[in-house]
Amino acid sequence: MNSTKFLNRSSSQLASIFKAQFEAEKKKLLFSNSYMNEQFHLQKDDLLDELDLTTVEMETSMRMRLRNREAIFLKKIEESLQRIAEGTFGQCESCEEEIEFKRLQARPTTTMCLSCKEDEERQEHIHIDGHRSKSLGAKLKLA
Ligand SMILES: [Zn+2]
């Protein structure tokens with residue numbers, strides 16, 4: 001095998017590795033979404049008095065937040081699969097250079113190379129004054 005050409009965009013090797021990973025992750029997310037929907041319907045039908053309804057509403061908003069995060073992740077996976085199909089996976093959307101393989105391994109849904117991402121984060125830092133969520137990024141990371 002020609003491992004030196006591993007990062008070559010024309011090679012489908014990189015894409016096929018990540019495609020399998022994305023599809024497994026997508027299946028997992030879709031399953032947990034349908035599972036949560038089921039739970040949610042059960043509770044709303046079963047608990048009808050006002051006190052319990054408040055609990056249900058609190059739980060619902062918690063679930064919604066969780067689902068939003070999963071929905072964002074799912075969207076990132078869909079976009080990554082789309083990029084694989086288009087043959088642009090692993091390409092920085094900012095400078096169009098190849099994204100470092102190590103970076104893709106750590107964060108497969110990334111669309112920017114490290115130096116572009118650092119530029120962007122520096123700018124965000126200036127604008128939002130360090131108020132961005134680091135925990136979200138960590139949660140979304142494919143391990
Ligand atoms: Zn770049």
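**View 1. Glu96, in the loop between helices H2 and H3.** Glu96 sits in the loop that links helix H2 (50–86) to H3. This is a predicted model, and here the backbone does something worth a look: phi of Glu96 is near 65°, a positive value in a residue other than glycine. Is Glu96 buried or exposed? Glu96 counts as exposed, because it has 10 C-beta neighbours inside 10 Å and the cut-off for exposed is 12 or fewer.

**View 2. The whole chain, for orientation.** Stepping back, the protein has five helices and zero strands, so from the N terminus on the order of elements is simply α-α-α-α-α. Of its 143 residues, 10% count as buried. Among the contacts with a separation of 6 or more, 55% are between residues 24 or more positions apart.

**View 3. The largest nonpolar core.** Ten residues make up this core: Ala15, Phe18, Phe22, Ile77, Phe89, Cys92, Ile99, Leu104, Met112 and Cys113. H1 gives the most to it, with three residues. As background, nonpolar side chains tend to be buried together in soluble globular proteins.

**View 4. Ile77 and what it touches.** Ile77 is one of the core residues. Which residues does Ile77 touch, leaving out those up to four places away in sequence? They are Phe22, Glu25, Lys26 and Thr109. Of these, Phe22 is itself listed in the largest nonpolar core.

**View 5. Lys28, on helix H1.** Lys28 belongs to helix H1, which covers residues 13–46. Lys28 is exposed because 12 other C-beta atoms lie within 10 Å, and 12 or fewer is what it takes.

View 6. The average pLDDT of the protein is 77, with 67% of the residues scoring at least 70. Which helix has the highest confidence, and which the lowest? Helix H3 (residues 101–106) is highest at a mean of 93, while helix H5 (residues 134–140) is lowest at 47. Residues 1–7 have pLDDT below 50, and this stretch has eight contacts in the model beyond near neighbours in sequence. Residues 132–143 are also below 50, with nine contacts beyond near neighbours in sequence.

Notes. Residues are numbered from 1 along each chain as its sequence is written. This is a predicted model: local features need pLDDT of at least 70, side-chain atom pairs count only at pLDDT 80 or more; totals for chains, interfaces and linings use all residues. Helices (H or I, at least four residues) and strands (E, at least two) are DSSP runs, numbered from the N terminus. A residue is buried if 20 or more other C-beta atoms lie within 10 Å of its own, exposed if 12 or fewer, and partly exposed in between; C-beta atoms are placed from the backbone. pLDDT is the predictor's confidence in each residue, from 0 to 100. Two residues are in contact if their C-beta atoms, placed from the backbone, lie within 7 Å. A nonpolar core is a set of buried Ala, Val, Leu, Ile, Met, Phe, Trp, Tyr and Cys residues joined through C-beta atoms within 7 Å.
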